[in-house]
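Subject: The structure we talked about, with notes

Dear colleague,

Here is the structure I promised to hand over, followed by my notes on it. Please keep it open beside you while you read.

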Amino acid sequence: METLMLVLIGILVSVATYLVLSRQMLKVILGTAILSHAAHLLILTLGGLKKGDVPLIEESPGPYTDALPQALILTAIVISFAVTAFVLVLAYRTYATNGTDDFTALRGKLDE
Amino acid sequence: MNNFVLLPIIIPFFFGMVLMFGQKSLRFQRGGAMLGLILAFISAVSLLFTVKNEGVQKITFGGWPEPFGITMVSDMVSALLVTTTLLLAIFIVWYSFSSIGTAREHFYYYPAIMMIITGVNGAFTTGDIFNMFVFFEVLLMASYVLIVLGGTRAQLAGSIKYILINVISSALFVIAIAYLYAIIGTLNMADISVKIAEINQPAIITVIAVLFLMVFGLKAAIFPLYFWLPTSYAAAPPPVLALFGALLTKVGVYAIMRTYTLFFIHDTAYTHELLLWLSVFTILAGCIGALAYFDVKQIIIYNIVIAVGVILFGVAQMNETGLQGAMFYLIHDMIIKAALFMLVGIIVYKTGTTNLRKMGGLMKSSPTLGWFYLIAAFGLAGIPPLSGFVGKLLIAKGGFEAGNTWSSLFVLATSLLVLLSVIRIFIYAFWGEEKPVQPILTNAETTKLFIPTAIVIIISIAYGVGAEYLTPFMSDAGRLLADPSIYVDAVLKGE
């Protein structure tokens, strides 16, 4: 199961890398979103995918799955959610002000 | 229980939240920011002396036993860095009063500064690797706001690159923590150190060490990961640039210092050799950039890169002298970079350009500024009575002790290039014929900016002249970095 997940994460990372290297701003942002998906899945996978019950004490007598990676992912998700929201608005403003969403056009010195 | 450790983090956070209200009242915003920073600074100084007298201070949230809760640890290294951060923040905020402009001040400028200070102090104090990631995000999120606030075309173009680079490096940080957790099974930094020593650093831990070096190297701008820094920092207005130049890359340097002296110390032949070569190339790349530009901002920005290389060269020696020198140089560099960016800001406000070729003859109109700039430039290069000397001396001495003769000589030789790069600003901007200028601020306004700048330079002189009084603090920090068992015992076994 872990091997399957790692292959999937590898595919996600390669897709993310490909998108981040493109010139269009929106594709790059999509790439970073996919990269954070891959990172979150990686925490879950490396925490161990052994069979166990949901970590709720009242629901079952155990053994449980590891609760720590789930807490880490929850934290990382809200952080990347906030950053992505900020980047999307910033990309919109950059597009509105500079009139382009192409990174090669944003190179060099703009007016100070 | 020792809630004292948290005060330098909680006070700026509290004031940051309070300042989100009443954004139209300038007096409230400025007064609140200043009051918060001064209170936090007083608490940081008393924390520093507590750490000096009673050893490492720690607190674990919720009273959980040690590896299970989040521990905040204040040792000599972090106490010194927290104190310096707050001291510089006070003067940079003072500098902002008459330079950042009321439009920005009305739009959450001071709350963002308070949040960035919260994040920086938290990252310096935390004893938990995932908590460090969270504090990194706190300071990065606030820095995104500060770098883009105002929304000029150059700012928007520069900041989107800065943000994307940091998003990617944060994702890498999460991946690195995931790998470390899979092998070690703990997140507490002292506990990680113990567990890595138990399994004697197999090859996979060395791989993770390099991954951490990549993550923190992206934040700290080491060679070959410094490419984003010049373009993004150039977009920020002068007070924000001073804050970034003094604090942000230093958090990355601190993180490398901490992980490479606490975790990854069992395969130094590979990891620290790599760090040594990367730091040498970082210095070289910084020197090339600092000499290539005729733009005052870019010259000082490339000097950040050089200093990061010098500090990490001290860390790579892994002996007490080198680490003590790295601490001396780290604090020196935070102070002097804040001073230089503030000075360069004044020059830009006076002449209305960042291009050296369009400046000249400032010595006639503002001689005091010129002499203070010269002192700061000499301090940066490390001329003996001034602040950069002791750190670089110890770093080179550590290098000779570790047998890295040629690279130590290289570090010493590059001081000349550093001096040349900053003296070029002095020669072009202050000497020669006076040239027509379009000042952005009037003379009365730049005089107001000059007072905090002069005080920061006087602090840097005092830091160099009074190095003898600081040596006990620095040697404590050096000993703690050279011997991780002090840190581990203090965290896991109690006081």
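**Where the two chains meet**

Between chain A and chain B there are zero salt bridges, a salt bridge being a side-chain nitrogen of Lys or Arg within 4 Å of a carboxyl oxygen of Asp or Glu. Before going further, please note that this is a predicted model, in which local features need pLDDT of at least 70 and side-chain atom pairs count only at pLDDT 80 or more, while totals for chains, interfaces and linings use all residues. Residues are numbered from 1 along each chain as its sequence is written, chains are lettered from A and ligands numbered from 1 in the order in which they are written, and side-chain values use heavy atoms, with hydrogens and water left out.

The two chains have two residue pairs in polar contact, both at pLDDT 80 or more; a polar contact is a pair of N or O atoms within 3.5 Å, where within protein one must be able to donate a hydrogen and the other to accept it, and residues adjacent in sequence count only if both atoms are side-chain atoms. On the side of chain A that touches chain B, α2 (25-46) and α3 (68-98) of chain A each supply at least two residues, and α3(A) gives the most, with 15 residues. Helices here are DSSP runs (H or I, at least four residues), as are strands (E, at least two), numbered from the N terminus. By class, this side of chain A has 21 nonpolar, six polar and six charged residues, where Ala, Val, Leu, Ile, Met, Phe, Trp, Tyr, Cys and Pro count as nonpolar, Asp, Glu, Lys and Arg as charged, and the others, Gly among them, as polar.

**Salt bridges**

Side chains of opposite charge can pair when their charged atoms come close. How many salt bridges does a search of the whole structure find over all chains? The search finds nine.

One of them joins Arg30(B) to Glu105(B), with the closest N and O atoms 2.8 Å apart. This pair links distant parts of the chain, since Arg30(B) is in helix α2 (residues 26-54) of chain B and Glu105(B) is in helix α4 (residues 102-105) of chain B, 75 residues apart. Arg30(B) counts as partly exposed because its relative accessibility is 25%, whereas Glu105(B) is buried, with a relative accessible area of 1%; buried means under 20% relative accessible area, exposed over 50%, and partly exposed in between (1.4 Å probe, protein chains only).

Another salt bridge is formed by Arg258(B) and Asp75(B), whose closest N and O atoms are 2.7 Å apart. Here Arg258(B) lies in helix α11 (residues 238-262) of chain B and Asp75(B) in the loop between β2 (71-74) and α3 (76-97) of chain B, 183 residues apart. Arg258(B) counts as buried because its relative accessibility is 4%, and Asp75(B) counts as buried at 0%.

Asp333(B) and Lys250(B) also meet through their side chains in a salt bridge (3.3 Å, N to O). Asp333(B) is in helix α14 (residues 320-351) of chain B and Lys250(B) in helix α11 of chain B, 83 residues apart, and both Asp333(B) and Lys250(B) are buried. Finally, Lys52(B), Asp476(B) and Arg479(B) are joined into one network by salt bridges that share partners.

Best wishes
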